[in-house]
Amino acid sequence: MRTLYCGGPVVGLRAWLGAQCPPADLPSSWPQLLGRSVIGTFRGRSAVALACRLLGIGPGHEVLVPAYNCGTELDAVRHSGAGIVGYRVSRRCEIDLADLIARRSSRTRAVYLTHYFGWEQPMEELRRWCDDQGLLLIEDCALALFSGGASGRIGRTGDAVIFSLPKTLGFYHGGLLSLPLSARSRRLV
């Protein structure tokens, strides 16, 4: 079995959580995971790398990423072979949408968005812009599991959504990659 970046093989969520796992339907009943396909990974960064692979992000592509980040997500994107282009984030952890839009190039394949501390970014505007431009949207919800924001769209809008269980539930390890069940994400691959 092929191993993934910074992690191990992909495993089923119940097997991954182990014997102390809550009922099998609990993770899939979490509001942000309803109607989505969920893959458990060793870490959130493994979920980022897997998302890049599944979405066809690789050499020759660029991913627009927030300038304020922890770095591990950048390592995972770079592992795909894609370049990274930073966009501004304010001191209030709000993305600079105008700066992000200005940094798009012909090589841009995806936008990486972080919901800092569970605070919602401008999801409707960004989703609309990504769709108009033919770009993928990757949501980083490492600190936003169970957050909804004013629109209720956190973790429900991206072509890939990343969760980090150590950052929200205190687990020792664990990441989740959430993908829509619809074919919207696969249309660009």
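Predicted model: local features only at pLDDT ≥ 70, side-chain atom pairs only at ≥ 80, totals over all residues.
1. Which strands pair with β6? On one hand there is β5 (residues 136–140), which runs parallel to β6 and is joined to it by 3 bridges. On the other there is β7 (residues 175–180), which pairs with β6 in the antiparallel sense over 4 bridges. As a reminder, strands of a sheet pair through backbone hydrogen bonds, either parallel or antiparallel.

2. Stepping back to the whole sheet, 7 strands make it up, in the order β1-β7-β6-β5-β4-β2-β3. The sheet is open and its pairing is mixed. At the edges sit β1 (36–41) and β3 (83–87), each of which pairs on one side only. On average, neighbouring strands are turned by 20° against each other, with direction ignored.

3. Further along the sheet, β2 (residues 62–66) and β4 (residues 108–114) run parallel and are joined by 3 bridges. If you want a residue pair to look for, V63 stands opposite A110 in β4.

4. Now for the helices that lie on the sheet. Helix α3 packs there and touches β1, β4, β6 and β7. The direction of α3 makes about 30° with that of β7. Helix α6 (residues 123–133) lies across β2, β4 and β5, and runs at about 150° to β5.

5. How do α3 and α4 pack, and at what angle? Helix α3 (residues 44–54) meets helix α4 (residues 72–79) at about 30°, and their axes are 8 Å apart. An angle under 35 degrees counts as roughly parallel, so α3 and α4 fall into that class. The crossing of α3 past α4 is right-handed. On the α3 side the contact is made by R45, V48, A49 and C52, and on the α4 side by T72, E73, A76 and V77.

6. A word on the overall layout. The protein has 7 helices and 7 strands. Read from the N terminus, the elements run α-α-β-α-β-α-β-α-β-α-β-β-α-β. Of the 189 residues, 48% are buried. Among contacts between residues at least 6 apart in sequence, 63% join residues at least 24 apart.

7. Finally, please keep the confidence values in view while you look around. The mean pLDDT of the protein is 78, and 72% of its residues reach 70 or more. Where is confidence lowest, and where is it highest? Helix α2 (residues 26–29) has the lowest value, at a mean of 53, whereas helix α5 (residues 97–102) has the highest, at 96. Over residues 1–5 the pLDDT is below 50, and the model gives this stretch 15 contacts beyond near neighbours in sequence. Residues 183–189 also stay under 50, and for them the model has 20 contacts beyond four places in sequence.

Note on methods:
Residues numbered from 1 in each chain as written. Heavy atoms only, no water. pLDDT = per-residue confidence, 0-100. Helix = DSSP H or I, 4+ residues; strand = E, 2+ residues; numbered from the N terminus. Contact = heavy atoms within 4.5 Å. Pairing = 2+ DSSP bridges. Axes fitted to C-alpha atoms, helices over the stretch in contact; angles between N-to-C directions. Parallel < 35°, antiparallel > 145°, perpendicular 65-115°, else oblique. Left-handed = near helix turned anticlockwise from the far one by under 90°. Buried < 20%, exposed > 50% of the residue type's maximum accessible area, 1.4 Å probe, protein only.
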